[in-house]
Amino acid sequence: MLYREAGQFKASYAEDAQIFPIRQDRIGFWLLMLVFGVAVPFLASEYWLKAILIPVLIFSLAALGLNILTGYAGQLSLGSAAFMAVGAFAAYNFILRIEGMPFLVALVLAGLTAAAVGILFGLPSLRIKGFYLAVATLAAQFFIVWALVKFPWFSNNSSSGVVTAQDVTILGYTFATPEAKYVLTFLIVAFMALLAKNMVRSSTGRAWMAVRDMDVAAQVIGFRLMRTKLLAFAVSSFYCGVAGALYAYTYIGTVEPEGFNLDLSFKILFMIIIGGVGSIMGSFLGAAFIVLLPIFLDNFVPMIFGDSLGAGFVSNFQLIIFGGLIIFFLIVEPHGLARLWQIAKEKLRLWPFPH
Amino acid sequence: MARKIGGVIVDLQNISLRFGGVKALTDISFDVKEHEIRSIIGPNGAGKSSMLNVINGVYHPQEGQIFFKGALRKKLEPHEAAEQGIARTFQNIALFKGMTVLDNIMTGRNLKMKCNFLQHALYWGAAQKEEIAHRIKVEEVIEFLEIQSIRKTPVGRLPYGLQKRVELARALAAEPHILLLDEPMAGMNVEEKQDMCRFILDVNDHYGTTIVLIEHDMGVVMDISDRVVVLDYGKKIGDGEPEEVKNNPEVIKAYLGTSH
């Protein structure tokens with residue numbers, strides 16, 4: 001009843017091709033942007049900003065990167081964390097070694113470095129598919145982390161391999177407070193999400209989806225498999241690389257190669273499975289879900305069961321819930337939370353009247 | 001009829017195709033003339049689909065030459081065949097299942113779109129203009145094939161007959177010179193077949209598209225084809241106008257067997 005398109009006519013193809021063709025969606029979207037872009041920095045506590053909102057945004061960006069590769073272009077990857085590591089260490093080295101390197105330029109260069117590495121490790125995708133490709137990207141995961149540890153140059157000869165991110169300064173302003181870092185992260189992630197949405201709704205995205213759905217037909221219709229797949233690897237790794245750099249600079253502050261291990265890659269994969277494979281919004285929902293779930297369990301399991309269970313049990317309990325949810329989503333709703341949202345919207349068209 | 005059959009556009013000479021020891025095609029020669037409807041018929045496993053795959057570069061024959069628009073064609077990849085104006089549909093529907101009808105048909109225009117991914121990312125100016133210009137072309141095809149009502153539907157949800165029609169739309173969106181149709185009417189009921197025949201004839205008539213058709217329904221083949229080539233066990237056993245082929249003893253033997 002409240003949510004319906006009746007009476008909303010489109011008079012041109014430009015109107016019909018908008019990101020949000022339905023007015024209620026547009027209003028909702030801008031409200032959301034106002035809340036998270038303007039209200040949240042003023043209202044949220046430091047804990048919320050540093051421990052929840054910033055990581056949700058950064059993991060959303062990484063999940064978005066993986067979603068481009070796996071959800072849109074259909075190439076399974078287990079190396080997202082490694083590409084994040086490339087981005088983090090590349091940004092660190094660009095800022096460290098080049099005098100007066102502006103932060104945003106370093107961020108783009110970090111993304112491009114990750115993209116180059118992504119293309120390199122994407123080359124096997126030209127010959128192999130599915131699980132076998134996943135194993136090839138697993139090689140990227142282990143090789144990159146190994147290389148970052150093996151060659152101390154990457155961490156500026158730090159004895160422990162841990163690097164401390166420099167201050168984030170743009171045009172003389174230093175982003176030191178959590179609020180400032182949050183706003184910066186928010187703007188970058190929102191902008192990159194917009195770019196991703198634009199790519200997937202135009203010919204680039206159609207090429208990716210065509211290769212995903214039926215690669216022979218895609219070829220016969222004129223898409224070049226090599227170009228399309230490698231572009232997906234490059235763009236995906238760019239997103240992961242930028243996410244990795246933000247992870248170092250606006251979230252954790254100190255990073256080591258081991259922090260970007262296979263666990264993190266799997267976490268990002270779970271985000272897109274739970275959030276929605278092949279959906280921009282799903283990347284955000286999945287990241288929010290996976291970041292929030294442990295915090296939720298940490299707070300609520302002791303509240304219900306008391307302290308008798310012990311901290312060890314709670315953390316194991318998290319893993320059990322995680323595993324259970326993954327299986328649940330794979331069986332019941334392979335398209336994840338994004339699909340559930342879509343179904344809810346379809347239901348809302350009729351609600352509260354059945355006809 | 002408005003269309004006029006022109007000169008030879010595809011000339012296949014002595015094509016042989018093997019998969020290891022299996023001879024899929026043996027020494028086959030025939031030609032396709034501009035604006036005609038050329039059918040390939042034959043029993044199952046005769047090599048009809050392989051023949052189409054040779055024409056659009058999915059398979060590369062070990063022997064033989066292909067002349068395309070008068071020039072000897074080198075070994076080429078499927079996307080290069082597409083660039084030369086060869087489009088096709090598949091025996092088992094090969095639509096992009098996760099995309100809407102509109103997006104599927106839009107993929108047919110990819111070769112005519114010139115913007116790169118950075119322009120797409122910004123979706124501003126040239127990229128947006130291009131998207132809309134091609135949308136207009138796609139809408140023409142949608143109207144032509146009478147599928148307006150399903151344009152926003154994901155193709156996976158459509159019934160079989162409509163999926164076949166969307167696949168034809170995707171091929172037509174490319175504005176091909178030659179359209180290869182691999183059993184466009186398989187599994188359809190009489191009404192759907194009639195619709196499909198009408199569309200094929202309309203395409204041929206309206207756009208002047210040369211059509212190479214594989215079909216098992218002899219009624220359809222004899223009705224709409226200009227010339228028919230008959231394959232059996234990878235060999236050509238008949239070639240000519242429908243009437244001629246119908247009375248060819250070799251063809252009758254292949255289809256009905258002979259009395260001993």
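The lining of the largest cavity in this predicted model comprises four nonpolar residues, one polar residue and two charged residues. The residues concerned are Thr89(B), Lys164(B), Glu167(B), Leu168(B), Leu181(B), Pro184(B) and Met196(B). Helix 6 of chain B, which spans residues 160-173, gives the most to this lining, with three residues. The space in the largest cavity amounts to about 50 Å³. The structure holds one cavity of 30 Å³ or more.

Salt bridges were then searched for over the whole structure, and 25 were found across all chains. Side chains of opposite charge can pair when their charged atoms come close. One of the salt bridges joins Asp182(B) to Arg88(B), with 3.3 Å between the closest N and O atoms. This pair links distant parts of the chain, since its members are 94 residues apart. Asp182(B) belongs to strand 7 of chain B (residues 178-182), whereas Arg88(B) belongs to strand 6 of chain B (residues 86-89).

The interface of chain B and chain A was examined next. Chain B contributes 37 residues to the contact, and chain A contributes 30 residues. The area buried between the two chains is about 2900 Å². Carbon and sulfur atoms give 64% of that area.

Four salt bridges cross the interface of chain B and chain A. Among them is the pair of Arg206(A) and Glu131(B), whose closest N and O atoms are 2.9 Å apart. Between chain B and chain A, 10 residue pairs are in polar contact, counting pairs in which both residues have pLDDT 80 or more.

On the side of chain B that touches chain A, at least two residues each come from helix 2 (78-83), helix 3 (101-107), helix 4 (117-122) and helix 5 (126-144) of chain B. Helix 5 of chain B supplies the largest share of this side, six residues. Sorted by class, the side of chain B that touches chain A contains 18 nonpolar, eight polar and 11 charged residues.

Key:
Residues are numbered from 1 along each chain as its sequence is written. Chains are lettered from A and ligands numbered from 1 in the order in which they are written. This is a predicted model: local features need pLDDT of at least 70, side-chain atom pairs count only at pLDDT 80 or more; totals for chains, interfaces and linings use all residues. Side-chain values use heavy atoms; hydrogens and water are left out. Contact means heavy atoms within 4.5 Å. Buried area is the accessible area (1.4 Å probe) that two parts lose on being put together, summed over both. A salt bridge is a side-chain nitrogen of Lys or Arg within 4 Å of a carboxyl oxygen of Asp or Glu. A polar contact is a pair of N or O atoms within 3.5 Å; within protein, one must be able to donate a hydrogen and the other to accept it, and residues adjacent in sequence count only if both atoms are side-chain atoms. Helices (H or I, at least four residues) and strands (E, at least two) are DSSP runs, numbered from the N terminus. Ala, Val, Leu, Ile, Met, Phe, Trp, Tyr, Cys and Pro count as nonpolar, Asp, Glu, Lys and Arg as charged, and the others, Gly among them, as polar. On a 1 Å grid over the protein atoms alone, a cavity is a set of points where a 1.4 Å probe fits but cannot get out, and a pocket is an open set with protein on both sides within 12 Å along at least five of seven lines; lining residues have an atom within 4 Å of a point. Grid points are joined across faces, edges and corners, and a volume is the space filled by probe spheres set on the points.
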